[in-house]
Amino acid sequence: MLTVVGCSGSYPGPDSPASCYLLETDDADGRTWRVLLDLGNGALGALHRHVDPLTVDAVLLSHLHADHCLDLCGYYVMRKYHPQGPPPQIPVHGPSGVAERMARAYDLDPDPGMGEEFDFREYDGAFTVGPFEVQPVRVEHPVEAYALRIAAGGAVLAYSGDTAACEGVDRVAAGADLLLCEASFRDGDDNPPGIHLTGVEAGRVAADGGSGRLVLTHVPPWFDPDAMLGEARTTFEGPIELATPGAVYEL
């Protein structure tokens, strides 16, 4: 199950925090596993509406821009100073230098930084979190960034993270049951290269990959999300929706 915690692009908007998505599934023993895809600014507070943040098993950061990682600072405080005592360390997967980047974000000495609360792990091939099988794939963005292909219970979720059109996002999207794809630029504008997808390009990624469903996300507050939806419909004929905070998708 996928729950949209925050979906505003580039910074929190009036109706949504920045990027954060909650994935939940049960293992063979009936234990519920919870993974966060990104934890952008404003998202930790909204996460409380859906689950106790202390029940999250891992955090997967697509890249280290503030709108995808900065609320890990608040999460660090919650886990370090909780009145019930610090809970066990959980893994935080991310790009190169993730531990040092998050220490700087909270003005911590890098040793130990947040290393007593989080087990930082840099992407280096496929890995598992409980029943989730995760494949990070490098995509095109101004910093080291990854799209994530996540399989569990026979279903596949593809998350673009932030990316321009590239082979990596195409590979992640191929055959996915649901493609959660950014659409930050408008078609026809003089967009800088190598940063984001347009709505038209997001639809094309879904169409070329045969994705079962497309959910557009990361639309900046300065753009009309319905117009972005209209763009994507010109290139993808399957089911399309706009991500909204609190929306839930069964996979």
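**Helices and sheet**

Reply: In this predicted model, α6 and α7 are oblique to each other.

Me: At roughly what angle do the axes of α6 and α7 cross?
Reply: Angles under 35 degrees count as roughly parallel and 65 to 115 as roughly perpendicular. The axes of α6 (residues 199–209) and α7 (residues 225–233) come within 7 Å.

Me: Which residues of α7 make the contact with α6?
Reply: The crossing of the two helices is right-handed. On the α6 side, the contact is made by Gly199, Val200 and Gly203. By class, the contact has three nonpolar, two polar and one charged residues. The residues from α7 are Met228, Glu231 and Ala232.

Me: Which elements do the buried residues of α6 pack against?
Reply: The buried residues of α6 include Gly199, Val200 and Gly203, which also take part in the contact with α7. Others among them are Ala202 and Val205. The buried residues of α6 pack against α5, β11, β12 and α7.

Me: Which strands stand at the edges of the open sheet?
Reply: The sheet has seven strands in the order β7-β8-β9-β10-β11-β12-β13, with mixed pairing. An edge strand here has a single partner, so one side is left without a neighbour in the sheet. The edge strands are β7 and β13.

Conventions
Residues numbered from 1 in each chain as written. Predicted model: local features only at pLDDT ≥ 70, side-chain atom pairs only at ≥ 80, totals over all residues. Heavy atoms only, no water. Axes fitted to C-alpha atoms, helices over the stretch in contact; angles between N-to-C directions. Helix = DSSP H or I, 4+ residues; strand = E, 2+ residues; numbered from the N terminus. Parallel < 35°, antiparallel > 145°, perpendicular 65-115°, else oblique. Left-handed = near helix turned anticlockwise from the far one by under 90°. Contact = heavy atoms within 4.5 Å. Nonpolar A, V, L, I, M, F, W, Y, C, P; charged D, E, K, R; others polar. Buried < 20%, exposed > 50% of the residue type's maximum accessible area, 1.4 Å probe, protein only. Pairing = 2+ DSSP bridges.
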